[in-house]
Structure formats: C-alpha cells, structure tokens
Amino acid sequence: MIRDYTSHDNETLVRIWKDANALAHPFLPAAFVAAEEANVRDIYPQYADIHVLETGGAMQGFIAMLGDEIGGLFLDPAHHGQGLGRAMVDHVVALQGVLSVQVFERNAIGRRFYDSYGFTYQDRSTHDATGEVVLHLAMP
C-alpha cells in the first residue's frame with residue numbers, strides 16, 4: 001500500500017533514509033550526512049510531497065516529490081529487489097506524469113534502478129555541498 005506521509009512516520013522515515021543512504025552513498029562526507037539527517041527529520045517533510053510504502057502495516061520505503069522531480073527515493077535495504085521502488089515510482093508517475101531525478105554519479109544502486117526504469121541522461125553538474133558529480137535524468 002502507498003499512502004501519504006504523516007508526522008507519525010518521521011522516525012521510521014529517518015531510519016530508512018539512514019540505512020539506504022549508507023548503502024547507496026558511502027562516499028558522502030560524514031558531516032554532510034549528519035546535516036542531511038537533520039534536514040530529512042526536520043526540514044524536508046515541510047516542503048516535499050512524500051508518499052510512504054507499507055507492507056503488512058510496516059513502512060518499507062518512501063518517495064519524496066518536489067513538483068515533478070523525485071527529491072528522494074529510499075527503500076529499506078532488506079526489501080531491495082522486490083519491485084517496491086518501481087511501485088513507488090509508478091505511483092507518482094500516475095499522479096504527476098513524466099518525472100525527473102538527480103542522482104550521484106557514484107550511486108551505483110540508484111543509477112541501476114533509474115536506468116532499468118527507463119530514465120535517460122540529460123545533463124550533469126557538481127553538487128555544491130560535496131563536490132560530487134550529479135547526473136540529471138528524466139523519463140523519455
């Protein structure tokens with residue numbers, strides 16, 4: 001089931017973000033990750049349209065939308081490879097239409113997912129806070 005985020009989801013959302021972020025972004029500086037954790041907890045829920053995926057009444061992941069851009073897609077690593085990430089993207093495609101996303105070039109997990117979904121390369125830039133290369137992808 002995919003539903004809208006509520007403030008009651010916040011601690012589980014942060015835990016999922018931490019676990020998935022550590023797996024997908026081990027290259028990010030610890031200070032940046034600590035600051036982002038605070039943002040995920042306190043700031044981003046105020047500005048993003050967040051959809052939560054639950055199975056068996058337990059939250060397994062979430063997708064945060066900023067208009068038609070995926071601001072974040074995070075899934076509990078124990079549930080990778082089960083089609084749940086695709087289900088979340090399918091859900092927001094049905095609501096928003098064509099989507100875009102930015103993904104760190106060194107995020108092999110995210111790049112593999114977006115490639116398999118059909119997102120295509122549009123551009124690249126440097127992430128100001130980390131100096132990492134970010135790829136800009138969009139649905140065709």
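Modeller: Tyr44 is found in helix α3, which covers residues 44–47. Keep in mind that the model is predicted.

Together with Ile43, Tyr47 and Leu66, Tyr44 forms a nonpolar patch on the surface. The accessible area of these four residues together is about 410 Å².

Now go inside. In soluble globular proteins, nonpolar side chains tend to be buried together. Here, the largest nonpolar core has 19 residues. Ile63, Ile70, Val89, Leu99 and Phe119 touch the most other members. Several elements give two or more residues to this core, among them strands β3 (58–66) and β4 (69–75) and helix α5 (108–117). Helix α4 gives the most, with four residues.

Take Ile70 as an example. Leaving out residues up to four places away in sequence, Ile70 touches Ile63, Ala64, Met65, Val89, Leu99, Ser100, Val101, Tyr114 and Phe119. There is also a second, separate core, with 14 residues. Tyr5, Ala48, Met59 and Phe62 are among them.

Asp76 is found in the loop between β4 and α4. Asp76 counts as buried because its relative accessibility is 13%, and buried means under 20%. Beyond residues up to four places away in sequence, Asp76 touches Arg15, Ile16 and Gln60.

Key:
Residues numbered from 1 in each chain as written. Predicted model: local features only at pLDDT ≥ 70, side-chain atom pairs only at ≥ 80, totals over all residues. Heavy atoms only, no water. Patch = residues over 30% accessible without salt bridge, like charges linked within 9 Å, V, L, I, M, F, W, Y side chains within 5 Å. Areas by Shrake-Rupley, 256 points an atom, 1.4 Å probe, with all protein chains shown as cover. Salt bridge = Lys/Arg side-chain N within 4 Å of Asp/Glu carboxyl O. Core = buried A, V, L, I, M, F, W, Y, C linked by side-chain atoms within 4.5 Å. Buried < 20%, exposed > 50% of the residue type's maximum accessible area, 1.4 Å probe, protein only. Contact = heavy atoms within 4.5 Å.
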